[in-house]
Amino acid sequence: MILTYQPFELLLKHTFTIAKFSRTSTPVMLIKVEHEGQTGFGEASMVPYMGESFQTATDFLAKVDARQFQYPFDFEAIISYLDSIAPGNPAIKAGIDIALHDLDGKLQQKPCWQILGSDPAKMPETSFTIGIDTAEVIIQKVKENPDCKIIKVKLGRDSDRELIKTIRSVTNLPLFVDANQGWTDLQQSLDICHWLHEQGVLLIEQPMLKTDIDSNAWLTERSPIPIIGDEAVQRLPDVARAKGVYHGINIKLMKSAGMYGAHQMILKAKELGLKLMIGCMSETSCATLAAAALAPQCDWADLDGPFLTSNNPYKMPEFRDGKWVLGNEAGLGIRH
Ligand code: MG
């Protein structure tokens with residue numbers, strides 16, 4: 001097994017602003033694993049607020065011994081091995097895990113979605129995310145929607161209602177709302193939940209601070225719209241803690257340390273009766289296809305990475321009727 005990697009600066013089409021941060025590009029580590037003439041491709045997207053960087057990824061990769069990855073792969077043992085190298089570092093672990101899943105599919109000559117037990121007919125529509133911006137830019141961004149059937153809006157500031165009104169002036173599409181921990185007052189949050197319900201909002205992500213369990217649980221008990229934990233839910237042990245605090249969880253490969261971890265989280269959430277959303281960071285087609293392979297097992301998808309970036313090094317995957325299309329190619333189906 002040979003593992004190689006290449007740093008890549010993934011450029012965003014627009015400066016991206018959420019409740020607490022703003023940025024124009026994302027450092028991405030592109031990963032390759034080669035075995036028996038086949039190559040698996042992976043990607044670690046390291047959004048700055050998660051604490052990983054080219055430096056931390058390079059340091060981690062220097063400690064990885066690719067001889068540990070014996071085919072047929074035991075993904076449980078692989079993630080245990082990666083966790084034994086260092087705690088944290090979920091994105092670079094995800095990059096390795098994704099590359100090994102792509103390689104696994106190619107060696108088995110099966111699509112990853114099939115190996116993971118997904119039904120492509122159950123693919124949920126993916127949302128198209130609009131960051132916080134001026135009314136003019138927001139209207140422009142809505143017009144750039146690549147035929148998504150749901151718009152995701154970043155809220156979490158005093159101007160939340162104005163922003164929704166601006167969106168509603170140009171589209172009637174259903175909305176996801178992401179407050180990114182930006183709301184603080186309980187009663188105001190509940191009031192806006194009811195108002196957002198009337199505005200055609202389908203779900204609200206992480207309304208309050210991830211550490212404020214009581215406030216999130218209070219709102220979940222009363223909200224007419226599903227409340228989804230995102231920042232509060234990183235890896236498998238967090239799923240059980242989300243029960244009673246949120247209606248559902250937002251799984252992302254860059255938090256779960258990859259596809260194996262994400263699949264375990266999906267199974268656990270279903271067992272606990274939690275709703276499931278699968279989301280992304282700023283990602284190329286590679287990590288998007290990896291998440292899409294699991295998306296049919298989730299209720300909602302927010303996999304718009306390739307629409308929001310301008311220098312995707314891979315071909316755009318097929319997108320039809322607001323959904324990613326899972327093909328029959330072996331592995332993830334990444335096209336060059
Ligand atoms: Mg979110």
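Residues are classed here as nonpolar (Ala, Val, Leu, Ile, Met, Phe, Trp, Tyr, Cys and Pro), charged (Asp, Glu, Lys and Arg) or polar (the others, Gly among them). The model is predicted: local features need pLDDT of at least 70 and side-chain atom pairs pLDDT 80 or more, while totals for chains, interfaces and linings use all residues. Numbering runs from 1 along each chain as its sequence is written, and side-chain values use heavy atoms, without hydrogens and water.

**Cavities**

A cavity is a set of points, on a 1 Å grid over the protein atoms alone, where a 1.4 Å probe fits but cannot get out; lining residues have an atom within 4 Å of a point. The volume is the space filled by probe spheres set on the points, which are joined across faces, edges and corners. The whole structure holds two cavities of 30 Å³ or more.

| Cavity | Volume | Lining by class |
|---|---|---|
| Largest | about 130 Å³ | eight nonpolar, three polar, four charged residues |

Of the 15 residues lining the largest cavity, Leu289, Val325, Leu332, Gly333 and Arg335 lie nearest its centre.

**Helix packing**

Helices are DSSP runs (H or I, at least four residues) numbered from the N terminus. The axes of H5 (residues 135-143) and H6 (residues 160-168) come within 9 Å and cross at roughly 45°. Contact (heavy atoms within 4.5 Å) involves Ala135, Ile138, Ile139 and Val142 of H5 and Leu163, Thr166 and Ile167 of H6. This contact has six nonpolar, one polar and no charged residues.

Conventions: On a 1 Å grid over the protein atoms alone, a cavity is a set of points where a 1.4 Å probe fits but cannot get out, and a pocket is an open set with protein on both sides within 12 Å along at least five of seven lines; lining residues have an atom within 4 Å of a point. Axes are lines fitted to C-alpha atoms, for helices over the stretch in contact, and angles run from 0 to 180 degrees between N-to-C directions. Helices (H or I, at least four residues) and strands (E, at least two) are DSSP runs, numbered from the N terminus.
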